[in-house]
Every structure is written in structure tokens, then in C-alpha cells.
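Here is a friendly note to read alongside the model. Please keep the viewer open and follow the points in order.

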Amino acid sequence: MKKLLPLLSVLFLISWGCEDEKECGNNGVELWGECYSIENTTELNLSFNQLSGPIPPEIGNLTNLRGLYLSGNQLTGEIPPEIGNLTKLTELSLSSNNFTGLIPTEIGKLTNLTKLFLGNNQLT
């Protein structure tokens with residue numbers, strides 16, 4: 001069992017995040033100070049985490065995402081057009097933030113989307 005524990009730690013890092021900034025640059029995306037694996041991140045739930053500022057355009061690199069949940073933060077600016085790269089998304093929740101501007105037309109590329117929550121923003 002002792003030999004298995006280090007292996008499990010490595011598998012956890014590969015599946016859920018990157019070990020350091022250098023690795024994140026090669027195999028992951030850094031968002032709000034955390035690294036997420038491009039290949040293995042299928043759900044990102046950061047709702048009610050006091051996030052602020054814009055959604056980084058790099059989020060569009062997480063192309064295996066099926067669920068993206070960023071509701072209940074203080075996110076600002078426009079929804080980045082790179083969101084349209086997340087074509088495997090089935091659920092997108094961006095409600096209760098401070099987004100402004102138009103809903104990007106790139107959301108139309110999300111043909112697998114079954115749930116979209118954009119309420120309680122200042123979108124036009």
C-alpha cells in the first residue's frame with residue numbers, strides 16, 4: 001500500500017491540476033491563480049468564490065469542459081468570445097455577476113448546450 005500512495009498522488013495531479021507553473025504552461029491553463037489540466041478538466045465549478053475581474057480568454061483552451069459554473073461572483077467586463085471554443089459544454093452558468101455588453105455570438109457554437117444561465121448581469 002505504501003508504494004501505491006505516491007502513485008495516487010501523481011495521478012491526482014495529472015487528472016485535476018498541474019504541479020507547478022511551468023507544467024501549467026505546457027499542459028494546463030492558469031485561471032484565477034489556479035492551474036487546470038487542458039486534457040482532463042471536464043467540469044469547472046467556481047461559483048460563489050469571490051472571483052473578480054474579467055473571465056480570462058485562456059478559458060477557451062479548456063476544450064474538454066462539459067460544465068462551467070461561475071455564478072455568484074463579482075466578474076466584470078464582457079463574456080469573452082473564446083467561450084465559443086468550449087463546444088463540449090452542456091451547462092454554462094454565468095448568472096449573478098457584473099457582466100456587461102452583448103452576449104457573444106460565439107455562444108451559438110455551443111451546440112451541446114442544454115442549460116444556459118446568464119441572469120442578474122447587465123448584458124444587452
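1. Helices (H or I, at least four residues) and strands (E, at least two) are DSSP runs, numbered from the N terminus. With that in hand, T76 stands opposite N98 in β8.

2. A word on the source. This is a predicted model, in which local features need pLDDT of at least 70 and side-chain atom pairs count only at pLDDT 80 or more, while totals for chains, interfaces and linings use all residues. Residues are numbered from 1 along each chain as its sequence is written, and side-chain values use heavy atoms, with hydrogens and water left out.

3. Now the overall layout. The protein chain has two helices and ten strands. Of the 124 residues in the protein chain, 38% are buried; here buried means under 20% relative accessible area, exposed over 50%, and partly exposed in between (1.4 Å probe, protein chains only). Contact means heavy atoms within 4.5 Å. Among contacts between residues at least 6 apart in sequence, 42% join residues at least 24 apart.

4. How are β4, β6, β8 and β10 arranged? These four strands form an open sheet in the order β4-β6-β8-β10, with parallel pairing. The edges are taken by β4 (52–53) and β10, each with a single partner strand, so one side of each has no neighbour in the sheet.

5. You can walk across that sheet pair by pair. β4 and β6 are parallel and share two bridges, with G53 opposite L75 in β6. Next, β6 (residues 74–77) pairs with β8 (residues 98–101), again in the parallel sense and over two bridges; G77 faces F99 of β8 there. Finally, β8 and β10 (residues 122–123) pair in the parallel sense over two bridges, and T100 has Q122 in β10 as its bridge partner.

6. Another open sheet of four strands runs in the order β3-β5-β7-β9, and its pairing is parallel. Its edge strands are β3 (43–45) and β9 (115–117); each has a single partner strand, so one side of each is left without a neighbour in the sheet. On average, neighbouring strands of this sheet are turned by 10° against each other, direction ignored; for such angles, axes are lines fitted to C-alpha atoms, for helices over the stretch in contact, and angles run from 0 to 180 degrees between N-to-C directions. Within this sheet, β5 (residues 67–69) and β7 (residues 91–93) pair in the parallel sense over three bridges, and G67 stands opposite E91 in β7.

7. K115 belongs to strand β9 and E91 to strand β7, so the pair ties together parts that are 24 residues apart in sequence. A salt bridge is a side-chain nitrogen of Lys or Arg within 4 Å of a carboxyl oxygen of Asp or Glu, and by this rule the count comes to one. Both ends are partly exposed: K115 has a relative accessible area of 41%, and E91 has 22%.

8. Do look at the packing too. The largest nonpolar core has 23 residues, and L44, I59, L68, L70 and L94 touch the most other members. A nonpolar core is a set of buried Ala, Val, Leu, Ile, Met, Phe, Trp, Tyr and Cys residues joined through side-chain atoms within 4.5 Å. Leaving aside residues up to four places away in sequence, L68 touches L44, I59, I83, L86, L89, E91, L92 and S93.

9. One last stop is S37, in strand β2 (residues 34–37). Is S37 buried or exposed? At 5% relative accessibility, S37 counts as buried. Its side chain reaches the backbone nitrogen of N40 at 3.1 Å, and a polar atom of the S37 side chain lies 3.4 Å from the backbone nitrogen of E39. A polar contact is a pair of N or O atoms within 3.5 Å; within protein, one must be able to donate a hydrogen and the other to accept it, and residues adjacent in sequence count only if both atoms are side-chain atoms.

Technical notes:
Two strands pair if DSSP finds at least two bridges between them.
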